[in-house]
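Let's take a walk through this model together, one feature at a time. Keep the viewer open as you read.

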Amino acid sequence: MVSSSEESLNNGGMISSPVPSFESVQEMVRSNLPYIPDRFIQRSTDEEEEEDKSRDVDMSVISPQIPIIDLALLSMADADELQKLELACRSWGFFMVINHGIPGEVLERVKNSAAGFFELPFEEKKEYSFDLNESQGYGRPFMASEEEKLDWSDSLSLRIHPYHFRRLKFWPTTPPDFRENLEAYSNEVRKVAEKLLAGSLSLMMGMNKGGLLGLHQEIEQSFRLNYYPICRNPDQVIGISPHSDMSSIYSYKMMMSLA
């Protein structure tokens, strides 16, 4: 399986259309379900190719390599690295970062906590079930309709900052250090994101240093932990459907890849 964490910072509320029912993909795999339920089967490759043709997008102007941005160089106001960042934002909309300054032990601990949570029995994880009113919890929070195709993944969604948005009843107490490790990880991610908003991204947009961060009256931070179980027919499913994120800045961390 593969799991990942997502952190987002924005200046607005969380919007979703949650549905109360939840079919755990992880439990389907654990029970050796001999087929993939129709709700999880995505469109055929031919249908996707036809849609891609209809968009008529010129992809030749985009580099085949995901941009890699050195945050240590950005912190020294390196002009070449700032130009790389601007190009990445204009052409890709995302980039990979190196030298971000988050301690390796912080990343390792939150990775272990994530694995520990998803190893719990389903009934125990259900104690943190997604709440429609709070927009937090374990389950599948984002759906547009009962007919929508479902992603091949389970998730845990939490609101981290500011503190009055937190609902600790959704924060797992097993593994015992889950809350402590998530707190440490989220604090480090927020530092990196705020530094980018206040520094390089503000300068890139022609603003004074701190200008972009200053536009956010109150920074909101959310966390989503995704679990992608192995699938017997991986060409028929997708972990997370194509989408646009409403956050000002969004971080994604691949946690693990295990057989």
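**Aromatic pairs and beyond**

At 23% relative accessibility, W92 counts as partly exposed; the label covers the range between buried (under 20% relative accessible area) and exposed (over 50%), found with a 1.4 Å probe and protein chains only. F94, at 42% relative accessibility, is partly exposed too. W92 and F94 form an edge-to-face aromatic pair, 5.3 Å centre to centre with 85° between the planes. Rings of Phe, Tyr and Trp (its six-membered ring) pair if their centres lie within 6.5 Å, and planes under 30 degrees apart count as stacked, over 60 as edge-to-face and the rest as tilted.

Before we go on, a word on conventions. This is a predicted model, in which local features need pLDDT of at least 70 and side-chain atom pairs count only at pLDDT 80 or more, while totals for chains, interfaces and linings use all residues. Residues are numbered from 1 along each chain as its sequence is written, and side-chain values use heavy atoms, with hydrogens and water left out.

The structure holds 9 aromatic pairs. Another of them is F117 with Y138, also edge-to-face, at 5.8 Å centre to centre and 80° between the planes. F117 lies in helix α5 (residues 104-118) and Y138 in strand β4 (residues 137-139), so this pair ties together parts that are 21 residues apart in sequence. Helices (H or I, at least four residues) and strands (E, at least two) are DSSP runs, numbered from the N terminus.

Now turn to strand β6 (residues 220-228), where 9 of 9 residues are buried. E220, S222, R224, N226 and Y228 point one way from β6, and Q221, F223, L225 and Y227 point the other way. Strand β5 (residues 154-161) runs antiparallel to β6, and 7 bridges join the two; strands pair if DSSP finds at least two bridges between them. Across this pairing, L156 stands opposite L225.

Cis peptide bonds join H161 to P162, with omega about -5°, and T174 to P175, with omega about 0°. P162 is found in the loop between β5 and α7 (178-198), and P175 is found in that loop as well.

A77 lies in the loop between α3 (71-75) and α4 (79-91) and is exposed, with a relative accessible area of 64%. S135 is found in the loop between α6 (122-125) and β4, but is buried, with a relative accessible area of 9%.

Finally, step back to the whole chain. The protein chain has 9 helices and 7 strands, and 40% of its 259 residues count as buried. Among contacts (heavy atoms within 4.5 Å) with a separation of 6 or more, 77% come from residues 24 or more positions apart.
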